[in-house]
Amino acid sequence: MVRERGARPETPTAPPLPLPERGVPELPIDWMALDAVAQSKTLRSVLGVWVPKIVCEFGLSEQVVPRCWYRHSAMIHELLALFQYRQQQQFNMELGPPASAAIDFQYQFSLWLQRMRSLTGDAGCTASKHLPQLRPSWADSSTTDFAMWSVDLDEFARELVAFAEPDVSESSALENGEES
């Protein structure tokens with residue numbers, strides 16, 4: 001069935017997600033340790049609020065922060081790192097911010113810009129097109145390449161121990177006829 005443009009669909013859609021809570025999140029935020037629900041909440045209530053502000057405040061282009069930044073975990077990590085640095089440096093209520101907090105943030109921001117430009121360039125996304133993040137097959141635990149990589153890693157780790165040179169203090173004690 002075709003509906004007219006602008007007409008509401010007849011079948012009900014999923015209810016909208018609740019609005020994110022506002023306020024200062026507890027820091028630090030360890031993205032990799034968060035479950036999907038906590039990641040969703042952090043995206044919506046922290047980065048979803050803060051990223052548009054920083055993009056507008058600093059006039060950042062899509063070559064720095066693409067509109068699909070939330071689909072790239074490396075960009076999420078970078079954005080969270082900058083957010084947390086700013087919060088901890090400039091808004092530390094326990095110790096008070098250091099006198100250099102503002103300039104420290106600007107220095108870190110300039111380093112962050114370089115990393116974000118690199119990540120955005122590597123991702124290849126444009127203002128109108130998102131490219132999915134590609135991962136090497138050896139890093140994907142559901143592939144046989146991962147199983148082969150795991151075996152290689154294990155073998156190498158065992159070789160490190162098996163062919164390790166003895167501790168210098170132990171070898172000199174043995175040369176002098178002493179027991180360790």
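**Close-up views of a predicted model**

View 1. Trp-149, with a relative accessibility of 32%, counts as partly exposed (between the limits for buried, under 20% relative accessible area, and exposed, over 50%, with a 1.4 Å probe and protein chains only). Trp-149 belongs to helix H4, residues 144–162 (helices being DSSP runs of H or I with at least four residues, numbered from the N terminus). Together with Trp-138 and Leu-153, Trp-149 makes a nonpolar surface patch of about 300 Å² (residues with over 30% relative accessible area and no salt bridge, nonpolar side chains being joined within 5 Å; a salt bridge is a side-chain nitrogen of Lys or Arg within 4 Å of a carboxyl oxygen of Asp or Glu; areas are from the Shrake-Rupley method with a 1.4 Å probe).

The model is predicted, with local features needing pLDDT of at least 70 and side-chain atom pairs counting only at pLDDT 80 or more, whereas totals for chains, interfaces and linings use all residues. Residues are numbered from 1 along each chain as its sequence is written, and side-chain values use heavy atoms, without hydrogens and water.

**View 2. Val-46 in helix H1.** Val-46, which lies in H1 (residues 36–58), is buried at 8% relative accessible area.

**View 3. Helix H2 and its cover.** Among the buried residues of H2 are Met-75, Ile-76, Leu-79 and Phe-83, and what covers the buried residues of this helix includes H1 and H3 (contact meaning heavy atoms within 4.5 Å).

Methods
Helices (H or I, at least four residues) and strands (E, at least two) are DSSP runs, numbered from the N terminus. Patches are made of residues with over 30% relative accessible area and no salt bridge: like charges are joined within 9 Å, nonpolar side chains (Val, Leu, Ile, Met, Phe, Trp, Tyr) within 5 Å.
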